[in-house]
Amino acid sequence: MRLVILGGSGSGKSTQAQSLCRHFEIPKISTGEILREAMSGDKSLALREDASRLYVNANLGDLGQYAQPFVEKGELVPDEMMIDLIRMQLTQVNIPSGWLLEGYPRTAFQAEELDFLLEYLGQKLDWAIYLQVPEATMVNRCLGRSLPDEQPEIVQRRIELFYDRTIPILEYYDRRRRLLTINGDQLPEAVHQSILNLLAVS
């Protein structure tokens with residue numbers, strides 16, 4: 001099973017990604033986690049694999065240095081940087097059972113580049129799962145987490161960017177009949193079950 005999970009900050013992407021990875025026994029590739037750890041400068045995190053997470057040694061220190069100014073402002077990291085990161089993740093490790101991408105793609109261009117990469121690798125994306133959550137809910141959830149990079153103005157900027165950049169991604173996957181839209185404004189268990197139900201009949 002090869003999946004992409006989409007949604008704004010506070011939509012529950014990480015929670016659902018972990019649940020789906022456990023269910024399908026596939027690794028999670030989270031660009032957000034990779035970037036945060038790259039920015040922390042912890043070189044020991046450059047290569048690590050377990051049941052739900054996957055990292056590939058990709059000069060993460062350099063990546064973190066370049067990405068940090070964008071992340072701190074709530075801006076998107078440039079397409080080229082993210083595309084290179086995902087290419088390294090998907091080409092350096094053999095993942096026959098599949099994977100789940102969280103935090104990528106963030107733009108329609110990245111979605112298209114992902115398809116080109118998968119075609120080159122002889123793979124195919126099964127579904128893009130979109131967690132649809134009201135803006136007010138996303139803001140409240142983010143502010144309730146009290147993370148250093150989730151100040152009100154940064155959260156608001158991320159959500160603005162989400163609506164600006166992510167809607168074209170939804171249209172991209174919808175045209176290719178690979179989009180599953182889920183009501184993310186429910187209890188996590190209900191969201192997880194909704195996803196499984198849709199995957200079972202799709």
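Student: Which residues lie nearest the centre of the largest pocket?

Tutor: Good place to start! In this predicted model, Ser 9, Lys 13, Arg 36, Glu 102 and Arg 106 lie nearest the centre of the largest pocket, and 48 residues line that pocket. The space in the largest pocket is about 970 Å³.

Student: Which elements supply at least two residues of that lining?

Tutor: They are β1, α1, α2 (31–40), α3 (60–73), α6 (135–145), α7 (152–175) and α8 (188–201). By kind, the lining divides into 18 nonpolar, 18 polar and 12 charged residues.

Student: Let's look at Ser 9. Where does Ser 9 lie, and why is Ser 9 called buried?

Tutor: Ser 9 lies in the loop between β1 (2–6) and α1 (13–24). A residue is called buried when its relative accessible area is under 20%. Ser 9 has 17%, so Ser 9 is buried.

Student: What is Ser 9 in contact with, leaving aside its neighbours within four places in sequence?

Tutor: With those neighbours left aside, Ser 9 is in contact with Met 138, Cys 142 and Arg 158. Contact here means heavy atoms within 4.5 Å.

Student: And what makes Ile 159 a buried residue?

Tutor: Use the cut-off of under 20% again. The relative accessible area of Ile 159 is 1%, and therefore Ile 159 counts as buried. You will find Ile 159 in helix α7. Not counting residues up to four places away in sequence, Ile 159 touches Glu 135, Met 138 and Val 139.

Student: How many residues apart along the chain are Ile 159 and Gly 7?

Tutor: They are 152 residues apart along the chain, while their C-alpha atoms are separated by 9.6 Å.

Student: Now for α8. How do you know that the span of α8 agrees with what 14 residues should give?

Tutor: At 1.5 Å a residue, the 14 residues of α8 should span 20 Å. The end C-alpha atoms of α8 are 20 Å apart, so the two values agree.

Student: Which residues of α8 are buried, and why are they said to be on the same side?

Tutor: The buried ones are Val 191, His 192, Ile 195, Leu 196 and Leu 199. They cover an arc of only 135 degrees around the axis, which puts them on the same side of α8. An α-helix has 3.6 residues a turn, so residues three or four places apart point the same way.

Student: Which residues are exposed on the other side of α8, and what covers the buried ones?

Tutor: Glu 189, Ala 200 and Val 201 are exposed on the other side of α8. The cover over the buried residues of α8 includes β1, α1, β6 (127–132) and β7 (179–183).

Terms used
Residues numbered from 1 in each chain as written. Predicted model: local features only at pLDDT ≥ 70, side-chain atom pairs only at ≥ 80, totals over all residues. Heavy atoms only, no water. Helix = DSSP H or I, 4+ residues; strand = E, 2+ residues; numbered from the N terminus. Buried < 20%, exposed > 50% of the residue type's maximum accessible area, 1.4 Å probe, protein only. 1 Å grid on protein atoms, 1.4 Å probe; cavity = no way out; pocket = protein on both sides within 12 Å on 5 of 7 lines; lining within 4 Å. Points joined across faces, edges and corners; volume = space filled by probe spheres on them. Nonpolar A, V, L, I, M, F, W, Y, C, P; charged D, E, K, R; others polar. Expected span 1.5 Å × (residues − 1). Arc of directions from axis to C-beta.
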